[in-house]
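Let's take a walk through this model together. Keep the sequence and the 3D view side by side as you read.

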Amino acid sequence: MREIVHIQIGQCGNQIGAKFWEVIGEEHGIDSAGSDRGASALQLERISVYYNEAYGKKYVPRAVLVDLEPGTMDSIRSSRLGGLFQPDSFVHGNSGAGNNWAKGHYTEGAELIENVLEVVRHEMDQQLLSVQTRNSSCFVEWIPNNVKVAVCDIPPRGLSMAATFIGNNTAIQEIFNRVSEHFSAMFKRKAFVHWYTSEGMDINEFGEAESNIHDLVSEYQQFQDAKAGLEENEEVMEEVEMEPEDKGY
């Protein structure tokens, strides 16, 4: 079984996260106080994937909530699900980034990152120790990272079944290409660059980022061309094999 540590960051991330915990709670029959109200014992079978069991059969989300301003955290605390989370799961600063990525990365965010990592490390260490203790015979020292698969028998609300597939293919380069085109057009005019340089970012980092995304697109294109070439060779070989039969040999 897999124990997942859920991390939600920023105003958008926390708003999505709040809805996520609302849906997960309904799927597993957990109310806003962390008590089991499910109609089936199956709902608790894999409850430890997202929840820690606390004293008195209370279930606490294994979550870390992060933001640079306290407003988002206060909104969640005062909501219907506010009492569901542990108090030390809330990590926030005193002023927001104001949609300025550089401010969040170089100043306010940099001051908060160690506090966030400390909470995440504590939660991760606790879960890893728990997993290794329960399944000590399944762990070997020479395979530190295994491929893991999780199956959930409880579908989302309103659906009879659901599945999630995460994959990668060369089509993703189209997205990177579009991002690169917009970035290059803005960077050529030095649009909004002062927001970042004023927070300590070196302007050369923009050029490095542009070069990196070009290299990434080129790498994907190489794989796509190699695959296309292989398919063409296979088609040619099939045609060659068919020719003697066509000529009556």
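Lys-57 counts as exposed, at 57% relative accessibility; here buried means under 20% relative accessible area, exposed over 50%, and partly exposed in between, with a 1.4 Å probe and protein chains only. You will find Lys-57 in the loop between β2 (51-54) and β3 (58-61). Its phi is near 60 degrees, a positive value in a residue other than glycine. Helices (H or I, at least four residues) and strands (E, at least two) are DSSP runs, numbered from the N terminus.

Before going further, a word on what you are looking at. This is a predicted model, in which local features need pLDDT of at least 70 and side-chain atom pairs count only at pLDDT 80 or more, while totals for chains, interfaces and linings use all residues. Residues are numbered from 1 along each chain as its sequence is written, and side-chain values use heavy atoms, leaving out hydrogens and water. The chain averages a pLDDT (the predictor's confidence in each residue, from 0 to 100) of 81, and 82% of the residues score at least 70. Confidence is highest in β4, at a mean of 93, and lowest in helix α6 (residues 204-246), at 78.

Next comes α2, where Thr-72, Met-73 and Ile-76 are buried. These residues lie on the same side of α2, because they cover an arc of only 100 degrees around the axis; the arc is that of the directions from the helix axis to the C-beta atoms. The buried residues of α2 pack against β1 (6-9), α1, β4 and β5 (90-92). Thr-72, at 10% relative accessibility, touches Gly-10, Gln-11, Asn-14 and Asp-67, not counting residues up to four places away in sequence. Contact here means heavy atoms within 4.5 Å.

Which residues touch the most other members of the largest nonpolar core? Of its 16 residues, they are Trp-21, Tyr-50, Tyr-51, Leu-65, Phe-85 and Phe-90. A nonpolar core is a set of buried Ala, Val, Leu, Ile, Met, Phe, Trp, Tyr and Cys residues joined through side-chain atoms within 4.5 Å. Two or more residues each come from α1 (10-28), β4 (63-67) and α2 (70-77). A second, separate core of 9 residues includes Val-64, Val-91, Ala-97 and Val-120.

Gln-173, Ser-180 and Phe-187 are buried in α4, and an arc of only 55 degrees around the axis puts them on the same side of α4. Glu-174, Glu-181 and His-182 are exposed on the face turned away from that buried side. After α4 comes Lys-190, with a positive phi near 55 degrees. Phe-192, in the loop between α4 and α5 (193-197), also has a positive phi, about 65 degrees, although it is not a glycine. Phe-192 is partly exposed, with a relative accessible area of 43%.
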